[in-house]
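User: Hello! I am new to this structure and would like to learn about its pockets and one of its helices. Could you take me through them?

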Amino acid sequence: MRQLRLGLSVAALRPGAVVPAAPGRGTLSGVKIYADRFPTLLRQLLTDLLVVVWVYAAIRFALWLHDLIEKLAVPGQKLEGAGGGLADNLADAGGKVGRVPLVGDELTAPFTKAAEAARAVAEAGRDQQELVGQLALGLSIAVLVFPLGLVLFGWLPLRVRWMRRAGVAQALATAPAGRDLLALRALAGQPLGRLARIAPDAAEAWRRGDDATVDALAALELRRLGLRAGR
C-alpha cells in the first residue's frame, strides 16, 4: 500500500500531469513567490528589498560615473568648435583673397594651409570626445559587473531554487499521497534531533504508515521551506 501511494505521488508530478494546488498567499499562477510563515516571509521581503536597493544604487552610481567622465570631453568640444570655426573663417578669407587678380592663387595658399591645420585641430577634438565617451561607457559597465553579478549569480539562483522547491512542496501537499513524499524528504534531510522529537523511530513509523507521524514529518518539511500544512 505504501509503494502504491508513493507511485501515485510520483506519477502526479510527472511532466504533463495535473496536480491540484490552489493558489494562496504569495502564489502567482501556481508559482510560489513568498513563504507562508512570517519569519521566512519577512526575511524574503527584506532580502528582495535590499536587492532592489542594491541594483538601483549600482545603476545610479554607474550613471553618475558616466556623467563625471563625460565632463572630460568638454575641452575636446571646445577644441572642435574653435578649430572648426577658425577653419571656416580662414577658408572664407582665402576665397575672398583668391578673387584678387593675378596674385590671388598665391595669396590663397597660406589661408588654405591654415584652414587645413584648423580642421586637423577640430578633428583632434572630435577624437578626444569619442575616446572619453568610450571610456565613460566602459567604466560604467565595468562598475556594474560586480553588483549585478552578485544578483544574477548569487541571489537569483537561490531565490529561484526556493521558489521551485516551495512550488513542488505545495503541489505535494495536495497531491495523492504527496505527504508521504514530504515525510520521506524530512526523514532524509532533517536533523536527527527534530526527527526524534516526532517519534522515537520515525522511519519505522513512516514505514508502518502511521498517519500522525507522516503528518508531523510532512509539516516539518513544509516548515523548513516556510510553508504551512494544507496550503
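User: Which helix gives the most to the lining of the largest pocket?

Analyst: This is a predicted model, where local features need pLDDT of at least 70, side-chain atom pairs count only at pLDDT 80 or more, and totals for chains, interfaces and linings use all residues. Residues are numbered from 1 along each chain as its sequence is written, and side-chain values use heavy atoms, with hydrogens and water left out. Helices are DSSP runs (H or I, at least four residues) numbered from the N terminus. At least two lining residues come from each of H2 (38–70) and H4 (104–174), and the top contributor, with six residues, is H4.

User: How do the residues of that lining divide into nonpolar, polar and charged?

Analyst: Here Ala, Val, Leu, Ile, Met, Phe, Trp, Tyr, Cys and Pro count as nonpolar, Asp, Glu, Lys and Arg as charged, and the others, Gly among them, as polar. On that basis, the lining of the largest pocket has four nonpolar, three polar and six charged residues.

User: What distance separates the end C-alpha atoms of helix H5?

Analyst: H5 covers residues 178–189, which makes twelve residues. The expected span is 1.5 Å times one less than the number of residues, so H5 should span 16 Å. The model agrees with this, as the end C-alpha atoms of H5 are 17 Å apart.
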